[in-house]
Amino acid sequence: MEILLSQSEADAFIAMPKVRTDETEWAFSGAALAIPLTSEDRRTNFFLDLSRGRISLAKGKYQNRVHQSVILVRLDFGGAPHRNPDGVEMTCPHLHIYREGYGDKWAFAVPADKFSNISDTWATLEDFMRYCTITQPPIIQRGLFA
């Protein structure tokens, strides 16, 4: 069953402060990783997803989900361009932000004022977590980020 959000609901979820659920130390080896997060009041569950390309470590995706399957924000880097529903092509890296009626189908230019150095995957992850209002980030070992 597909969950549809209104734009105001999606915007509220994106802006909602998110915290780690426990003190687990996550090792990101490049395989897909889904890290549980929660709202400060523990009423809403979120995920921070990390994945990297198997062949090209410069390719990857960071995303923030709610309700198990609703992608609120996704950052794609090192990959192919994305064609928006209106036919406009967005080069990579680009940012997908939930849009009512389209889900994560729209991509936007990465805002330079929010992402300091898109070529540094660790700095970009930290910027992404701030962008998604993750106020108490999960504990992630740098591993391949170093």
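Two strands count as paired here if DSSP finds at least two bridges between them. In general, strands of a sheet pair through backbone hydrogen bonds, either parallel or antiparallel. Keep in mind that you're looking at a predicted model.

**Stop 1: the sheet.** Colour the strands and follow them across. You'll find eight of them in an open sheet, in the order β10-β9-β6-β5-β4-β3-β1-β11, with mixed pairing. Now select residues 107–109 (β10) and 134–136 (β11): these are the edge strands. Each has a single partner strand, so one side of each is left without a neighbour in the sheet. As you step from one strand to the next, the twist averages 30°.

Stop 2: Select residues 18–20, which make up β1. This strand pairs with β11 in the parallel sense, over two bridges. Pick Val19 and look across: Gln136 in β11 stands opposite.

**Stop 3: the helix.** Next, select residues 7–15, helix α1. Helix α1 lies across β1, β4 (45–52), β5 (60–66), β6 (70–77) and β9 (94–97). Against β6, the helix runs at about 65°.

**Stop 4: the cysteines.** A disulfide is a covalent bond between the sulfur atoms of two cysteines. How many disulfides are there here? The count comes to zero. Select Cys92 and Cys132: for Cys92, the nearest cysteine sulfur is that of Cys132, 16 Å away, while a disulfide needs the two sulfur atoms within 2.5 Å. Is Cys132 buried or exposed? Cys132 counts as buried because its relative accessibility is 0%, whereas Cys92, at 22%, counts as partly exposed.

Note on methods. Residues numbered from 1 in each chain as written. Predicted model: local features only at pLDDT ≥ 70, side-chain atom pairs only at ≥ 80, totals over all residues. Heavy atoms only, no water. Buried < 20%, exposed > 50% of the residue type's maximum accessible area, 1.4 Å probe, protein only. Helix = DSSP H or I, 4+ residues; strand = E, 2+ residues; numbered from the N terminus. Axes fitted to C-alpha atoms, helices over the stretch in contact; angles between N-to-C directions. Contact = heavy atoms within 4.5 Å.
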